[in-house]
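Please read this briefing alongside the sequence and the structure shown below.

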Amino acid sequence: MSARPRVVALLALAGLAPLSLVQAAPADTLALARQVNEQIVHKHMRGELQRFVRTLDGSAPLPSDMPAGCQAQVREAVTGMYAAMAEHLKAGIEEPAYQHELEQRLAVVYSSKDLQGFLARSGSTDVATLSRDILSGPGLKEIEDAQMDRILEGLDENSTSNPALAAALRAASAANEACTRLQIDAG
């Protein structure tokens with residue numbers, strides 16, 4: 001090792017080297033990609049999920065013409081369905097294979113300097129805007145869209161990908177059908 005790289009390495013270890021002198025190795029780029037994902041992209045996704053879950057909390061209002069005899073059953077089924085949907089969405093955005101694929105692509109698309117720039121902007125730029133900027137890189141939006149498609153495919157009462165969600169969707173559908181029959185019978 002020549003003197004210059006040794007000096008740069010020692011200064012970097014001491015935290016004294018200017019960033020322009022330190023060349024990031026591929027492992028460093030991947031580590032930065034993980035930080036960008038966790039602190040910006042994934043943080044934005046978790047925020048979106050939390051907003052969605054908050055809209056589901058408090059349950060949807062039941063129709064005013066719903067018979068009192070089935071309101072509790074329908075409300076319970078819908079609440080269970082919302083909880084299962086929230087868990088399904090969370091599992092989809094937290095899926096390790098998806099997170100790994102996204103981080104790998106970030107490390108390929110962006111240089112260490114780019115990734116450091118995103119991290120530097122995270123304190124002053126809206127996380128949603130910054131996340132959109134990051135995902136505008138080649139192939140990144142496609143990875144996110146493919147994951148969202150997989151998540152949406154599971155939002156079906158006949159889906160086998162998430163049995164708990166499928167059961168909750170069937171329970172909500174059955175409660176609604178029972179209530180409809182009750183309304184028809186009350187006629």
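The model is a predicted one, in which local features need pLDDT of at least 70 and side-chain atom pairs count only at pLDDT 80 or more, while totals for chains, interfaces and linings use all residues. Residues are numbered from 1 along each chain as its sequence is written, and side-chain values use heavy atoms, with hydrogens and water left out.

**Overall fold**

- The secondary structure comes to 8 helices and 0 strands, where helices (H or I, at least four residues) and strands (E, at least two) are DSSP runs numbered from the N terminus.
- Read along the sequence, the chain therefore gives the pattern α-α-α-α-α-α-α-α.
- Of the 187 residues of the chain, 34% count as buried, a term that means under 20% relative accessible area, with exposed meaning over 50% and partly exposed lying in between (1.4 Å probe, protein chains only).
- Among the contacts (heavy atoms within 4.5 Å) with a separation of 6 or more, 74% are between residues 24 or more positions apart.

**Nonpolar cores**

- A nonpolar core is a set of buried Ala, Val, Leu, Ile, Met, Phe, Trp, Tyr and Cys residues joined through side-chain atoms within 4.5 Å.
- The largest such core has 24 residues, and Val-36, Leu-102, Phe-118 and Ile-134 are those that touch the most other members.
- H2, H3, H4, H5, H6 and H7 each supply at least two residues of this core, and H2 gives the most to it, with 8 residues.
- A second, separate core of 17 residues includes Leu-62, Val-78, Met-81 and Met-85.
- As general background, nonpolar side chains tend to be buried together in soluble globular proteins.

**Helix H4**

- Helix H4 covers residues 96-109, and at 1.5 Å a residue its 14 residues should span 20 Å, which agrees with the 20 Å between its end C-alpha atoms; the expected span is 1.5 Å times one less than the number of residues.
- The buried residues of H4 are Tyr-98, Gln-99, Leu-102, Glu-103, Leu-106 and Ala-107.
- Seen down the axis of H4, these buried residues fall within an arc of 165°, so they line one face of the helix; the arc is that of the directions from the helix axis to the C-beta atoms.
- The buried residues of H4 pack against helix H2 (26-56), helix H3 (68-94), helix H5 (112-121), helix H6 (127-135) and helix H7 (140-153).
- Apart from residues up to four places away in sequence, Leu-102 touches Asn-37, Val-41, Met-45, Leu-135, Leu-140 and Ile-143.
- Arg-105 also lies in H4 and is partly exposed, with a relative accessible area of 29%.
- Beyond its neighbours within four places in sequence, Arg-105 is in contact with Pro-138, Gly-139, Leu-140 and Ile-143, and its C-alpha atom is 9.2 Å from that of Gly-137, which is 32 residues away in sequence.

- In H6, Ala-128, Leu-130, Ser-131, Ile-134 and Leu-135 are buried.
- These residues fall within an arc of 165° when seen down the axis of H6, so they line one face of the helix.
- The buried residues of H6 pack against H2, H4, H5 and H7.
- His-44, which lies in helix H2, is buried at a relative accessible area of 16% and, leaving aside its neighbours within four places in sequence, is in contact with Val-127, Ala-128 and Ser-131.

**Disulfide**

- A search of the whole structure finds 1 disulfide, defined as a pair of cysteine sulfur atoms within 2.5 Å.
- This disulfide is formed by Cys-70 and Cys-179, whose sulfur atoms are 2.1 Å apart.
- Cys-70 lies in helix H3 and Cys-179 in helix H8 (residues 163-186), so the pair ties together parts that are 109 residues apart in sequence.
- Both cysteines are buried, Cys-70 with a relative accessible area of 3% and Cys-179 with one of 1%.

**Loop between H7 and H8**

- Glu-157 is found in this loop and counts as partly exposed at 29% relative accessibility.
- Leaving aside its neighbours within four places in sequence, Glu-157 is in contact with Ala-166, Leu-169, Arg-170 and Ser-173.
- Glu-157 and Ala-167 are 10 residues apart in sequence, with 6.6 Å between their C-alpha atoms.
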